[in-house]
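Subject: Handover of a structure for your study

Dear colleague,

Please find below the sequence and structure that I am passing on to you. I would be grateful if you kept it open while reading the notes that come after it.

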Amino acid sequence: MGLSDLSARELLDQLRAGSVSSREVTQACLDAITEQDAAIHAFLHVDAADALRQAAAIDDRRANGDKLGLLAGLPVALKDVLCQQGQPSTCASKMLSGFVPPYDAHAVTKLKQADAVLLGRTNMDEFAMGSSSENSAFGVTRNPWDLSRIPGGSSSGSAAAVAARMTPVSLGSDTGGSIRQPAGLCGIVGMKPTYGRVSRYGLIAYASSLDQIGPFGTDVRSVATVLEAISGHDPRDSTSVNKPVPEYSKTVDQPLTGLKIGIVPEHFAAGLDAEVAAAVKSAIEVYRGLGAEVREVALPHAKYCIATYYLIACSEASSNLSRYDGVHYGHRAASFQNLNEMYAASRGEGFGAEVKRRIMLGTYALSTGYYDQYYVKALKVRRLIRQDFDTAFQQVDVIAGPVTPTAAFPIGEKANDPLAMYLSDIYTISANLAGLPGIALPCGFTTSGLPIGMQLQGRPFDEERILRAARMYEQATDWHTRRPNL
Amino acid sequence: MALPLDTVKKVAGLARLQLTAEEIETFSTQLGGILDYVAMLDELDTSAVEPMVHAIELTNVLRDDVLVPSLPRVEGLKNAPKQDGRYFLVPAILEG
C-alpha cells in the first residue's frame with residue numbers, strides 16, 4: 001500500500017511513529033501531482049521546493065525531539081481564495097493574476113502553527129462564485145471519477161486533489177455549498193463549520209455574512225483533525241466567535257447514543273435524482289440500524305433559499321468587490337481617458353462573466369428604489385429560514401439529506417444557464433443563510449460509478465456532534481474507502 | 001422579463017463595470033430571468049419580520065485600543081499596478 005492510499009490520520013500516526021518522514025509524504029504528493037494533475041488540473045500553483053523545505057524543517061525538529069503541532073508534517077492544499085504570504089493568491093481571477101499577499105490568512109497561520117506542510121494552491125470558480133470550476137479564469141478542473149464531468153465548486157481543486165489522492169487534506173471555503181457540493185460530487189468528506197468558528201481574516205471576501213473556511217479529507221477523522229487545527233477566536237475578524245474549540249480529533253470516534261435524525265420531506269421532492277434519493281434513504285436506514293431515531297421535520301421556507309441567497313450574496317459581493325479598482329492591487333487597464341474610465345475598464349477586463357453578473361445583480365438589488373424590494377426583503381426571509389431550523393433543532397439533533405440533486409454533471413451542461421447552475425446548490429445554501437454547520441460524506445455511487453453524498457446539518461457550534469454522527473455512519477460503511485481509477 | 005438595456009447600462013455605470021454591447025444584451029436576458037425567479041419572495045408576508053443581517057448577531061465587538069505594528073509601506077505598495085515607493089499613483093482627477 002502506497003502513501004497516497006492512507007488517510008491524513010493514518011499518515012499522522014506514521015509520521016509520529018517515525019515510520020515515514022514528512023519529506024517522503026510530501027514527495028509522494030508532489031509525484032502524484034506530476035502524474036495526475038495534467039489530466040485533472042486541480043492545482044494552480046505548486047512550489048515544490050518550498051513544500052520540501054517546510055517538510056525537511058519539520059523532520060529536523062522531530063529528530064531533535066521538539067514538541068510538534070497537531071498536523072506535523074502533513075501536506076495540506078489551499079484553495080486559491082486564502083491569502084498565503086509570498087505565494088500567488090489569485091482567486092482564479094485575471095483581476096488578481098500576479099497578486100502575492102504580504103500576509104497569511106488566519107487559517108493559514110493556524111496550519112503553520114500546527115506544523116502542516118503547505119503544498120500548493122488549488123483551482124476554483126473565480127472569486128468563489130460558481131458550482132463547477134467552469135468560472136475559473138485558468139481552465140476547468142475535472143472530476144477524478146469521470147474526466148468529462150465537473151468536480152463541483154467553487155472549491156473545485158481542493159476537492160478533486162483529495163479525491164485523486166494528490167493531497168491527503170485541503171482547505172476550501174463555503175458561501176452557499178462550495179465545500180459540501182464538491183465533496184459530495186467527488187466522493188470525499190468536506191465540512192462547512194458554523195459561521196464564526198474559523199476566522200475569515202485573509203479569506204478573500206465574496207459574501208462576508210455567509211463565507212466560512214473548512215476542511216476536505218478522505219474520511220471524517222481527518223476532517224475533524226484539520227477543523228480542530230484551524231478553529232478558534234481571532235480578534236482580527238470581528239465575527240470570529242470566542243468559544244473554546246473542542247478536541248474534535250479525539251471525540252470523533254465516540255458513537256452517539258439516542259441520536260435523533262431529522263429528514264425533510266421537501267429534500268426528497270421533485271428535482272432529486274432517483275439514484276441519489278435511494279442512496280440517501282438507505283444511508284438513513286443505516287442510522288436506524290445503529291439505533292438512531294428518525295423523524296420528519298418541516299423547513300417550510302426551504303423553497304425560498306436560492307432566491308434569498310442570490311440577493312444577499314450578490315449584494316454583499318457587489319460591495320466587497322468594489323475594492324478591485326486598479327489602484328491598490330490587481331489588474332489595471334492599459335488605456336483610459338480618466339480615473340472613472342480606469343476603474344470601469346480595469347474591472348471590465350479583469351472580471352469574468354459570472355463575477356460581472358453577480359456584481360450587476362447585487363448593484364441592482366442595492367440601488368435606489370429597489371433596496372427594500374430586493375435586499376431588505378431577502379434579509380427578512382433569511383430570518384424565516386433560520387427560524388425554521390431553530391424549530392427543527394428543538395426536535396432533532398441533526399438533519400440528514402442529499403448534498404446535491406444529482407451526481408456530477410458533464411462539463412458545459414449548465415455553463416450558459418446561470419439559474420440552472422444556481423439550483424445545484426439547493427440543499428446546501430440554507431446552512432449559510434442560517435449560519436449552521438454542515439458536513440458532506442460519501443454514501444453511495446450511481447450505476448455509472450459517480451459518487452453520491454449525504455449531508456448532515458446541525459445546530460450552531462455543534463460540529464462535535466455532527467462529526468461523531470458522520471463517523472458512526474462511516475464506520476458502518478465502506479464508501480469512503482473507494483477511490484477513482486486514474 | 002428582460003431587464004431594459006438602459007437599466008443594464010445604468011447599473012453597469014453604478015458598478016464601474018465596462019461591458020461590451022454583447023454583454024449588455026446577455027445580462028439583460030439573464031438578469032431579467034433571475035429577477036423573475038427571485039420574485040417568488042413576494043409570496044411571503046414579511047411585514048412583521050426583522051431583517052437578519054448576520055447569522056451571529058454580535059454587536060459592538062471592540063478590541064483594546066493598543067497600537068500594534070501595521071504592514072510596512074513597502075509591503076503595502078508592492079502589489080500596486082503603479083506606485084512610486086511612497087504613494088499609489090492614479091491619473092489626475094482635477095483639471096488644470
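This is a predicted model: local features need pLDDT of at least 70, side-chain atom pairs count only at pLDDT 80 or more; totals for chains, interfaces and linings use all residues.

In chain A, 11 strands make up an open sheet with mixed pairing, and their order is 1-3-2-4-6-5-10-11-9-7-8. At its edges lie strand 1 (43–45) and strand 8 (293–296) of chain A, each of which pairs on one side only. On average, and ignoring direction, neighbouring strands of this sheet are turned by 30 degrees against each other. Helix 5 (residues 156–163) of chain A packs on the sheet, and the strands it touches include strand 1, strand 2 (75–79) and strand 4 (169–174) of chain A. The direction of helix 5 makes about 150 degrees with that of strand 4 of chain A.

Strand 4 of chain A is largely enclosed by the rest of the structure, because 6 of its 6 residues are buried. In a regular strand, side chains alternate between the two faces of the sheet. Here A:Val169, A:Leu171 and A:Ser173 point one way from strand 4 of chain A, while A:Ser170, A:Gly172 and A:Asp174 point the other way, and all are buried. Strand 2 of chain A pairs with strand 4 of chain A in the parallel sense over 3 bridges; A:Ala77 has A:Ser170 as its bridge partner in strand 4. Strand 4 and strand 6 of chain A run antiparallel and are joined by 6 bridges. The bridge partner of A:Asp174 in strand 6 of chain A is A:Gln212.

Strand 9 and its partners

Is strand 9 of chain A enclosed or open? Since 5 of its 5 residues are buried, strand 9 of chain A is largely enclosed by the rest of the structure. Strand 9 (residues 398–402) and strand 11 (residues 451–458) of chain A run antiparallel, with 5 bridges between them. In strand 11 of chain A, A:Leu456 is the bridge partner of A:Ala400, and A:Met454 is that of A:Pro402. With strand 7 (residues 260–263) of chain A, strand 9 of chain A pairs in the parallel sense over 2 bridges. A:Ile261 has A:Val398 as its bridge partner in strand 9 of chain A.

Two crossing helices

The axes of helix 10 (residues 305–320) and helix 12 (residues 353–366) of chain A come within 7 Å and cross at roughly 100 degrees, which means that helix 10 is roughly perpendicular to helix 12 of chain A. Among the residues that meet there are A:Tyr310 and A:Leu311 from helix 10 and A:Arg358 and A:Ile359 from helix 12 of chain A. The residues of this contact of helix 10 with helix 12 of chain A comprise 8 nonpolar, 4 polar and 1 charged.

A buried glutamate

A:Glu228 belongs to helix 7 (residues 220–230) of chain A. A:Glu228 counts as buried because it has 25 C-beta neighbours inside 10 Å. Leaving aside residues up to four places away in sequence, A:Glu228 touches A:Leu70, A:Val245, A:Glu247, A:Tyr248 and A:Ser249.

The contact between the chains

The contact takes 51 residues from chain A and 43 residues from chain B. On the side of chain B that touches chain A, helix 1 (5–14), helix 2 (21–38) and helix 3 (73–77) of chain B each give two or more residues. Helix 2 of chain B gives the most, with 8 residues. That side of chain B divides into 29 nonpolar, 7 polar and 7 charged residues.

Yours sincerely,
A colleague

Methods
Residues are numbered from 1 along each chain as its sequence is written. Chains are lettered from A and ligands numbered from 1 in the order in which they are written. Two residues are in contact if their C-beta atoms, placed from the backbone, lie within 7 Å. Helices (H or I, at least four residues) and strands (E, at least two) are DSSP runs, numbered from the N terminus. Ala, Val, Leu, Ile, Met, Phe, Trp, Tyr, Cys and Pro count as nonpolar, Asp, Glu, Lys and Arg as charged, and the others, Gly among them, as polar. Two strands pair if DSSP finds at least two bridges between them. Axes are lines fitted to C-alpha atoms, for helices over the stretch in contact, and angles run from 0 to 180 degrees between N-to-C directions. A residue is buried if 20 or more other C-beta atoms lie within 10 Å of its own, exposed if 12 or fewer, and partly exposed in between; C-beta atoms are placed from the backbone. Angles under 35 degrees count as roughly parallel, over 145 as roughly antiparallel, 65 to 115 as roughly perpendicular and the rest as oblique.
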